[in-house]
Amino acid sequence: MSDEIRAGFCAIVGLPNVGKSTLLNRILGRRLVAVSAKPQTTRDRIVGVHTIELAEPPGRAQIAYVDTPGVQDGRGPLRKYMRDAAIAAAADSDVVLLMVDAIDKRGRLPARLDEDDARELGDASRSRPMVIALNKIDRIPKPDLLPLMEQWGQFAPGVDVIPISASRGENVDLLERVVAARLPIGPALFPDDMVTDRSPQFIAQEIIREQLYHQLGKELPYACAVQIETWSERAEKKELTIGAVIVVERDSQKPIVVGRGGQRIRELGIAARSAVAEALGYSEVHLSLFVKVLAEWSRGERELKRLGYGGES
Ligand SMILES: Nc1nc2c(ncn2[C@@H]2O[C@H](COP(=O)(O)OP(=O)(O)OP(=O)(O)O)[C@@H](O)[C@H]2O)c(=O)[nH]1
Ligand SMILES: [Mg+2]
């Protein structure tokens with residue numbers, strides 16, 4: 001039947017910082033999810049839908065990719081929420097795309113998934129049809145790649161191992177076709193024009209949070225959450241006005257985010273404004289940022305829910 005295609009969910013899972021979100025942005029050709037050089041940037045499941053043409057019948061595939069937080073040990077309810085979100089996404093998917101950082105000396109070896117903090121990730125991946133992507137091959141000498149591919153080829157029976165560069169787009173088309181071939185045939189799961197399950201407000205919030213990761217030192221981004229408080233648009237002008245709050249955990253963190261004479265928060269605002277405009281297709285974005293203290297928010301279930309972590313599922 002002509003409305004039958006390959007359609008299903010593909011969870012993108014792996015250790016922190018391997019390039020999962022970079023891959024999703026590359027596939028969608030837009031900046032949907034936050035990316036940074038710091039681990040644990042992604043905090044929640046985010047769906048991005050991509051439709052591709054196939055050379056073989058049924059001719060088309062709709063892949064609902066689920067970007068997930070990097071799985072790693074860690075205490076506290078936020079870490080637990082993040083870990084559970086990733087494992088549940090893997091267990092619920094039609095195909096698991098396990099991503100490996102080919103330049104991480106320890107993390108690039110299958111034995112890493114036998115360690116305590118990662119075992120659950122390995123098990124959840126193996127419970128589903130799986131494809132392995134060895135990422136960041138733009139930074140690894142070719143001779144190092146083959147033995148690595150062989151080792152991962154033995155990780156699970158019949159697994160495909162695809163070397164890619166998410167940031168350069170190398171082999172990403174091939175990866176998508178391999179994923180698609182493992183999806184069931186049936187009706188499309190989402191309307192043709194749907195890109196994500198998340199609201200524009202959520203995407204804006206993520207972009208602001210991404211800037212915090214880029215512009216703040218080592219630890220502080222983990223103490224921050226972003227909440228959109230006001231949102232108004234004038235569609236005919238493609239103009240958007242947002243009021244957002246950056247939530248920190250302690251009084252002492254507030255001046256660091258604001259910076260001397262408000263310098264840092266101003267720079268943050270400028271960078272976030274243009275990124276939000278680009279991601280959501282507005283020609284002009286006005287953004288007011290405020291900083292608020294919500295004591296130890298990442299340790300309280302109620303506070304987490306208030307900030308959007310753990311409200312559902
Ligand atoms: N050289 C190189 N760097 C990459 C590639 N893909 C991603 N990166 C970089 O790796 C870092 C982590 O990328 P993310 O996409 O945020 O990684 P992630 O797996 O989503 O990380 P978490 O959400 O924290 O689990 C960023 O600095 C990216 O620019 C790649 O193909 N090559
Ligand atoms: Mg990520």
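In the predicted model, strands β2 and β3 form a hairpin with 6 residues between them, and G59 in the turn adopts a positive phi of about 90 degrees. The two strands pair in the antiparallel sense over 8 bridges; within this pairing, I52 has A61 in β3 as its bridge partner. The loop between β2 and β3 also contains P58, which is joined to P57 by a cis peptide bond with omega of about 5 degrees. Most peptide bonds are trans, and most residues other than glycine have a negative phi.

Both β2 (46-53) and β3 (60-67) are included in what covers the buried residues of helix α1, along with β1 (5-14), β4 (95-101) and α5 (172-181). Helix α1 (residues 20-28) is mostly covered, with 7 of its 9 residues buried. The buried residues are K20, S21, T22, L23, L24, N25 and I27. Just after α1, G29 takes a positive phi of about 65 degrees. N17 counts as buried because 21 C-beta neighbours lie inside 10 Å, the cut-off being 20 or more.

In helix α5, the buried residues are L175, E176, V179 and A180. These residues lie on the same side of α5, because they cover an arc of only 135 degrees around the axis.

In total, 24 residues surround ligand 1, and the closest are G19, S21, T22, T42 and G70. Of these closest residues, S21 and T22 are also among the buried residues of α1. By residue class, the shell around ligand 1 divides into 13 polar, 7 nonpolar and 4 charged residues.

A further element of the model is an open sheet of 3 strands, which has the order β8-β9-β10 and mixed pairing. Its edge strands, β8 (225-234) and β10 (284-293), each pair on one side only. Neighbouring strands of this sheet are turned by 15 degrees against each other on average, direction ignored. Strand β9 (residues 239-248) pairs with β10 in the parallel sense over 10 bridges, and the bridge partner of G243 in β10 is S288. Helix α6 (residues 200-215) lies across β8 and β9, running at about 130 degrees to β8.

Two loop residues next to elements of this part of the model were examined. A223 lies in the loop between α6 and β8 and counts as partly exposed, because it has 18 C-beta neighbours inside 10 Å. Leaving aside its neighbours within four places in sequence, A223 is in contact with V248, E249 and Q253; of these, V248 falls within the residue range 239-248 of β9. A223 and P110 are 113 residues apart in sequence and 32 Å apart in space, C-alpha to C-alpha. The loop between β10 and α9 (301-306) contains E296, for which phi is near 50 degrees, a positive value in a residue other than glycine.

Terms used:
Residues are numbered from 1 along each chain as its sequence is written. Chains are lettered from A and ligands numbered from 1 in the order in which they are written. This is a predicted model: local features need pLDDT of at least 70, side-chain atom pairs count only at pLDDT 80 or more; totals for chains, interfaces and linings use all residues. Two strands pair if DSSP finds at least two bridges between them. Helices (H or I, at least four residues) and strands (E, at least two) are DSSP runs, numbered from the N terminus. Axes are lines fitted to C-alpha atoms, for helices over the stretch in contact, and angles run from 0 to 180 degrees between N-to-C directions. Two residues are in contact if their C-beta atoms, placed from the backbone, lie within 7 Å. A residue is buried if 20 or more other C-beta atoms lie within 10 Å of its own, exposed if 12 or fewer, and partly exposed in between; C-beta atoms are placed from the backbone. A residue is near a molecule or strand if its C-beta atom, placed from the backbone, lies within 6 Å of it. Ala, Val, Leu, Ile, Met, Phe, Trp, Tyr, Cys and Pro count as nonpolar, Asp, Glu, Lys and Arg as charged, and the others, Gly among them, as polar. The arc is that of the directions from the helix axis to the C-beta atoms.
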